[in-house]
Amino acid sequence: MEGFIVFDYVKQFPEARKELAQWLAEGTIQRKETIVKGGLAKAEQALADLYHGVNTGKLLVEVYPEDGVTKANL
């Protein structure tokens, strides 16, 4: 088995990001993530779930401001 060091390919990052974004948009590849709704009140349980392997892919806790109005889109 042979591995590689990701920083050996820094020069290829921009091209890879472009291709990956295109593949995501086309549906060629899909993200796997578990989103826990309920804000920070659910964060403790989400962390416990993470350590018990309940999530698929990335585990995110959805957080909204109290007034429900988002001020930025990422």
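In this predicted model, F4 counts as exposed, because its relative accessibility of 62% lies above the 50% that marks the exposed class. Y9, with a relative accessible area of 40%, is partly exposed. These two residues form the one aromatic pair that the structure holds. The ring centres of F4 and Y9 are 5.8 Å apart and the ring planes stand at 85°, so the pair is classed as edge-to-face, given that planes over 60 degrees apart fall into that class.

The protein contains two helices and two strands, and these elements follow one another from the N terminus in the order α-β-α-β. Helix α1, which covers residues 13-26 and thus has 14 residues, reaches 20 Å from its first C-alpha to its last, close to the 20 Å expected at 1.5 Å a residue. Just after α1, G27 adopts a positive phi of about 85°.

With regard to overall form, the radius of gyration of the protein is 17 Å, whereas a compact globule of 74 residues would have a value near 11 Å. Along the principal axes, the C-alpha atoms fill a box of roughly 45 × 35 × 25 Å. Buried residues account for 5% of the 74 residues, and the protein exposes about 7,100 Å², of which 56% is supplied by carbon and sulfur atoms. When contacts between residues at least 6 apart in sequence are considered, 46% of them join residues at least 24 apart.

Technical notes. Residues are numbered from 1 along each chain as its sequence is written. This is a predicted model: local features need pLDDT of at least 70, side-chain atom pairs count only at pLDDT 80 or more; totals for chains, interfaces and linings use all residues. Side-chain values use heavy atoms; hydrogens and water are left out. Helices (H or I, at least four residues) and strands (E, at least two) are DSSP runs, numbered from the N terminus. Rings of Phe, Tyr and Trp (its six-membered ring) pair if their centres lie within 6.5 Å; planes under 30 degrees apart count as stacked, over 60 as edge-to-face and the rest as tilted. Buried means under 20% relative accessible area, exposed over 50%, partly exposed in between (1.4 Å probe, protein chains only). The radius of gyration is taken over C-alpha atoms; the globule rule is 2.2 Å times the number of residues to the power 0.38. Contact means heavy atoms within 4.5 Å. Accessible areas come from the Shrake-Rupley method with a 1.4 Å probe; for residues, only the protein chains shown count as cover.
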